[in-house]
Amino acid sequence: MNGGPFGGLTPVPVLALGDILLVTLQGELHDGTAEQLQEDITHRIAQGNASGVVIDISGVEIIDSFLGRILAEIASTARLLAARTVVAGMRPAVAITLAELGLTLPGLHTALNTERAMDLLASPRSPVQKGT
Amino acid sequence: MEQDAAADSAAARLVGSFLERRREQIAQRWADEPLFRTVFTVSRDEAVEASKAVVDALSAVAVTGRLEDIEAPGFRAVRDQLGRMVASRARSGFTSAQIADEVAGLRGSVTELMRGEFPDPAAPDAKDCVLSLALLMGTLRLVVMETALSAGEELIARQRQQLLEVATPVIKLWEGVVAVPLIGTLDSARSQVVMESLLNAVVSEQARYAILDITGVPTVDTLVAQHLMKTVAAARLMGAECIVSGIRPAIAQTIVHLGIDLGTVLTHAGLADALAYALERQGIEVSPRATAGAGRL
């Protein structure tokens, strides 16, 4: 924690697989890291030719309203840049908590795992539910 | 006051020693009382043994002087046995009031024996002893009632748990399709269990489609609708599509009358329709075999 480029926080790596960006979130995510991630993804989409973003959250045990909002914002910004965002592998406990909180994340595509998320992005746009 | 207390504890000790001395006789008499006779039908010896255990417990309590304390350590030894007796009586259809009466019936014979101990029944210590004995027998009755109540509560808690487990099976209908047939009234606790088991099944079966069949739900009110919508939202967050099926005409009307907006929820009339939808979305076609004559649909 000695003053890295992101104020001592380890940034979340963003991998490019073809025209898809893959982000794997693990454990607890610091608020600053989440904001940094949002910025990173936006820049990567703008620079490259990414047409989709897959965020794997199977390793995340807690999603609070802040992280929920960040996810929704990533999806909105990506859509402005003509890329689709899929959240993959949400745990049942996390899904229940979000549903109880009323954070149903409209406009965000979801998939059971990263593989399905890749399939979803590879398919033409029609079968994907239209986000609002 | 101090004199009274001293007299009381002396009487209690006397009662204790009396019970210890006359243990055999009391047990023999009690074994003929309806309470013991009907519970231990196999052999009279068994009834006598059970009575002796109860007498021992009473005398232990009396010696410590805690005549009115249902938590007295002496009762702990017989609690199991009393519980078994009460359960056996309750099984044969007795109400708790009748059981209490039977326990009260034990008092007569033991008081009679106690009176026989004293040459002069009007003597003050004789009265004290009879009074203490009556107190002790009253406490025994309380202990029996308390045992009966706690046994009933345990039963209710166990059955409630069983109901939760039994009522919510998750069925795998097809590769990638799971369903929960909901039966009975949905309350918060049950819908929580339903939601958890359905979402866990979605993960373990890697199911793309989850069907909630509410054919067996008698009424749908705003609370039930809210639970349904929450489950649907949670399933969607996990990447599965949730379909609600089995909405009977009456329930459909109720939902419309209540003004509940199920617009976010995908609904189908029957479980078969929901399954057909799920299969179609997965690109699976079900058709009669060509040899059956009908040809492909």
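How many bridges join strand β1 (residues 171–174) of chain B to strand β2 (residues 177–183) of chain B? In this predicted model, three bridges link the two strands, which run antiparallel. One bridge pairs B:W174 with B:V177 in β2(B). β1(B) and β2(B) form a hairpin, with two residues between them. B:G176 lies in the turn and has a positive phi of about 80 degrees.

Chain A contains an open sheet of five strands. The strand order is β1-β2-β3-β4-β5, and the pairing is mixed. β1 (14–17) and β5 of chain A stand at the edges. Each has a single partner strand, so one side of each is left without a neighbour in the sheet. Neighbouring strands of this sheet are turned against each other by 25 degrees on average, direction ignored.

The pairing of β1(A) with strand β2 (residues 20–26) of chain A is antiparallel and spans four bridges. Here A:L15 has A:L22 of β2(A) as its bridge partner. Helix α2 (residues 65–80) of chain A lies across β3 (52–59) and β4 (84–88) of chain A. This helix runs at about 155 degrees to β4(A).

The two chains also touch. Contacts involve 14 residues of chain A and 14 residues of chain B. On the chain A side, the elements giving two or more residues are α3 (92–101) and β5 (109–111) of chain A. The largest share, six residues, comes from α3(A). By residue class, the side of chain A that touches chain B comprises ten nonpolar, two polar and two charged residues.

Note on methods:
Residues numbered from 1 in each chain as written. Chains lettered and ligands numbered in written order. Predicted model: local features only at pLDDT ≥ 70, side-chain atom pairs only at ≥ 80, totals over all residues. Pairing = 2+ DSSP bridges. Contact = placed C-beta atoms within 7 Å. Nonpolar A, V, L, I, M, F, W, Y, C, P; charged D, E, K, R; others polar. Axes fitted to C-alpha atoms, helices over the stretch in contact; angles between N-to-C directions.
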